[in-house]
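Let's take a friendly walk through this model, one piece at a time. Have the sequence and the 3D view open as you read.

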Amino acid sequence: EVVEDTVTWRPYEGLPAVVARHDGAYVHEPDWYRSFLYAAERDRGLDDTEDLATPGWFRWTLGGDRATLVLATAPPRAFSALRAAEHRRRTSFATPLDRAADAYLVDRGGGRTVVAGYPWFTDWGRDTFLAMRGLCLATGRRDEARSILLEWAGAVSEGMLPNRFPDRGEAPEYNSVDASLWYAVAVHETGADEPRLREAVDAILEGYARGTRHGIGADADGLLRAGEPGVQLTWMDAKVGDRVITPRIGKPVEVNALWINALRIGGPRWKELHDRALASFTERFWNEARGCLFDVVDPEDAAFRPNQVLAVGGLPFPVLEGERARRVVDAVEERLWTPVGLRSLAPGEPGYAPRYRGGVAERDGAYHQGTVWPWLLGPFVEAWVRVRGGGARARKQARRRFLEPLLGHLDAAG
């Protein structure tokens with residue numbers, strides 16, 4: 001359908017139309033390409049062949065001051081309003097990274113939320129609260145952070161937040177041990193002091209202290225246990241069929257660093273449990289033989305992973321300090337650091353996968369078994385600076401050594 005400057009087409013019955021508004025010229029020239037092969041999908045073991053269709057061409061004579069094409073699922077607003085809004089966005093965010101990150105903040109109902117990943121994911125609990133500090137707090141958008149937290153506050157159940165926000169008619173999936181704890185950290189760092197947010201944090205602590213789904217609960221030593229066979233609860237959550245690749249059943253190190261932080265954030269009511277958990281953490285997690293922290297205790301898992309760095313950096317309150325903290329950070333730098341993130345498992349460890357490639361099972365099997373994750377650089381850099389006194393010199397060194405290579409990589413990949 002062509003009406004003045006708007007072209008609408010409906011590729012599939014029952015799905016929203018694609019609406020294009022333009023200031024060029026539309027030429028109707030439909031073509032159909034049969035059995036188009038996607039080589040990357042073929043290499044990854046996914047559906048790799050389908051037909052492609054194009055309704056026609058949009059043409060502009062370049063050289064003027066503007067060429068605009070707007071794609072939407074409903075008739076978009078006038079060009080002048082859209083261009084003004086985009087101009088404000090581009091001038092508000094100084095770098096391409098800022099502007100790209102801004103696209104992940106979206107509306108949900110009457111509030112706001114964070115999209116976990118285009119094109120596959122909507123809003124996921126863990127991802128939302130991990131990303132909020134960069135997307136909202138570092139950019140000064142505390143009102144948006146507050147709106148996101150309020151949107152999620154009503155989803156607390158038995159102390160847990162869903163791994164994925166439930167859309168209309170969907171049953172929530174409560175299979176994340178750390179999403180709720182990251183929520184408490186986000187509330188604290190946002191500085192929003194509202195009854196609904198305080199009640200949500202208290203409900204999380206009550207549920208975890210009492211015990212909740214999937215074996216999650218506080219033990220007599222104050223530490224948080226979690227896990228049962230066949231369920232992946234931590235951020236290392238890859239699963240192939242019925243096999244959890246990185247089960248980490250017991251008391252994972254970063255989960256307990258989060259738990260101790262959440263208890264402190266909870267205030268005086270939780271002080272006794274906080275102090276008990278902190279003393280137990282100091283006693284139970286240190287692995288003197290390797291000069292680092294166990295990845296899991298009860299039972300002990302000495303695999304060298306990046307999760308331990310969250311005991312030193314990346315959270316409001318470090319749970320490991322002094323000489324041991326320095327040893328952990330130095331070991332992580334030596335064995336896990338790369339210019340674009342930290343490895344999820346050290347080379348030489350049992351199960352280490354040096355490449356992320358192949359079909360679905362092969363890639364999921366490598367996802368947390370060596371694959372490098374950029375988000376871990378945040379906690380690592382903060383820990384690296386912290387164990388060096390936190391001064392201007394250490395920050396300058398860290399910026400040059402760890403951040404500049406990652407930012408440079410954005411020009412080549414994404």
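A crossing of two helices is called left-handed if the near helix is turned anticlockwise from the far one by less than a right angle, and right-handed if it is turned clockwise. Keep that in mind as you look at this predicted model, because helix H5 passes helix H7 in a left-handed crossing.

To find the pair, look for H5 at residues 142-153 and H7 at residues 195-210. Their axes come within 10 Å and cross at roughly 55°. That angle makes H5 oblique to H7, since only angles under 35, over 145 or from 65 to 115 degrees fall into the other classes. Now zoom in on the side where the two helices touch: Leu 149, Leu 150 and Ala 153 of H5 meet Arg 196, Leu 197 and Ala 200 of H7. Sorted by type, the residues of this contact are five nonpolar, no polar and one charged.

Next, move along the chain to a sheet. Strands of a sheet pair through backbone hydrogen bonds, either parallel or antiparallel. Here three strands make an open sheet, ordered S17-S18-S19, with antiparallel pairing. S17 (337-338) and S19 (372-373) stand at the edges with a single partner strand each, so one side of each has no neighbour in the sheet.

Where can you see the pairing of S18 and S19 in residue terms? S18 covers residues 341-343 and pairs with S19 over two bridges; Leu 342 has Trp 373 in S19 as its bridge partner. Finally, find helix H12 at residues 377-386: H12 lies across S17, S18 and S19, and runs at about 100° to S18.

Key: Residues numbered from 1 in each chain as written. Predicted model: local features only at pLDDT ≥ 70, side-chain atom pairs only at ≥ 80, totals over all residues. Heavy atoms only, no water. Pairing = 2+ DSSP bridges. Helix = DSSP H or I, 4+ residues; strand = E, 2+ residues; numbered from the N terminus. Contact = heavy atoms within 4.5 Å. Axes fitted to C-alpha atoms, helices over the stretch in contact; angles between N-to-C directions. Nonpolar A, V, L, I, M, F, W, Y, C, P; charged D, E, K, R; others polar.
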